[in-house]
Number of protein chains: 2
Amino acid sequence: MKEGERVPDLDRLERMIERLVTQRACLDFASSSIRNVSGVVLELGLGKGRTFDHLRRMFPERELFAFDREVHAPIDVVPDEQHLFLGDFRHTLEVAVDRLGRSAVLIHADIGSEDKVRDEALALAITPFITQLAQPGGWVLSDRALVANELVPQSLPLTVGNFAYFIYRVESVLMNVER
Amino acid sequence: MKEGERVPDLDRLERMIERLVTQRACLDFASSSIRNVSGVVLELGLGKGRTFDHLRRMFPERELFAFDREVHAPIDVVPDEQHLFLGDFRHTLEVAVDRLGRSAVLIHADIGSEDKVRDEALALAITPFITQLAQPGGWVLSDRALVANELVPQSLPLTVGNFAYFIYRVESVLMNVER
């Protein structure tokens, strides 16, 4: 199944269930892998704040940053100003690279919409920023495919639902070249 | 667990999963019970159109009506003008009683918000309309408790998630008085 492709026999209720179950499975899998690794966590696409809430419950001690065009999340899930990047991803991610450097141990890109063309362009645009923010050994999860030498595709956990998702292990390009 | 009460140990992602799984379980249960009974289906609270989409997939031949304050659903889930009641529930339900009478075999009231006081007042306000729209032998599902002589609480199916939901079988008041 390609990214963004609809599972034809699922209705919107069923599709949402599969999507959320998949997100939870991927987040839990990556999170357990970074339990003893330092680094910040980035949520690209705060949305309703559901996965952000899940992440901060799992990492009460870790620094989390959220990105979104504008705030649509309930007030109790919205991070403070220092941890919220508002505006076009292409701009805010550039700012984040300057401010945070290669410090992210987990990046969750929850950027998909119902517009495939828009999603593909956005995925392409943000990938270079993601690779500048993600530290080697870290993880990138995304609901759209991301292509970069640093991002090595991983198998999904068995607990995912019937919804396309992507997990990448971050390697330094140097490591890739050496192989 | 009281209606609208938060399950304390679930975050927003987990709670949404439990909510949607519960809705699907209740809708599937009630739907299978009305398979051979005629009557229209009412969705109070179209929202994002997820449960409405689920209902119309299950009942491609049946007449479905949706109610909401305003449209927030994707265009492909929004019913045509004849099947959409837009505005305050207290007004649109009154109009629906005049137009549809006691013709509903299934009413799904998906009205809950994060404001318990508002929800309780709304549940109280719409209950008399619901009992005028629901035909005896039909079903009312709700994410908030509804109290009326005609609404007889039922056990939830075993497949529900960890989220409060309410299923009522509709009886004529006359039947209740006779018991």
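## Ground rules

Contact here means heavy atoms within 4.5 Å. This is a predicted model, in which local features need pLDDT of at least 70 and side-chain atom pairs count only at pLDDT 80 or more, while totals for chains, interfaces and linings use all residues. Residues are numbered from 1 along each chain as its sequence is written, chains are lettered from A and ligands numbered from 1 in the order in which they are written, and side-chain values use heavy atoms, with hydrogens and water left out.

## The sheet of chain B

Let's start with the strands (DSSP runs of E, at least two residues, just as helices are runs of H or I of at least four, numbered from the N terminus). Chain B has an open sheet of 7 strands with mixed pairing, in the order β3-β2-β1-β4-β5-β7-β6; two strands pair if DSSP finds at least two bridges between them. At the edges stand β3 (84-86) and β6 (151-154) of chain B, each with a single partner strand, so one side of each has no neighbour in the sheet. From one strand to the next, the twist averages 20 degrees.

Strand β2 (residues 64-68) of chain B runs parallel to β3(B), joined by 3 bridges. Phe67(B) has Phe85(B) in β3(B) as its bridge partner.

## Helices on the sheet

Two helices of chain B deserve a look; their angles run from 0 to 180 degrees between N-to-C directions, with axes fitted to C-alpha atoms, for helices over the stretch in contact. Helix α2 (residues 50-58) of chain B touches β1 (40-44), β2 and β4 (104-109) of chain B, and makes about 175 degrees with β2(B). Helix α4 (residues 116-133) of chain B lies across β1, β4, β5 (134-142) and β6 of chain B, at about 140 degrees to β5(B).

## A buried helix in chain A

Now to α2 (residues 50-58) of chain A: 7 of its 9 residues are buried, so this helix is largely enclosed by the rest of the structure. Buried means under 20% relative accessible area, exposed over 50%, and partly exposed in between, with a 1.4 Å probe and protein chains only. The buried residues of α2(A) include Phe52(A), His54(A) and Leu55(A). Their cover includes α1 (12-33) of chain B, together with α1 (12-33), β1 (40-44), β2 (64-68) and β4 (104-109) of chain A.

## Where the chains meet

Helices α1(A) and α2(B) pack at about 125 degrees, their axes 6 Å apart. The contact involves Arg12(A), Leu13(A), Glu14(A) and Met16(A) of α1(A), with Arg50(B), Thr51(B), Asp53(B) and His54(B) of α2(B).
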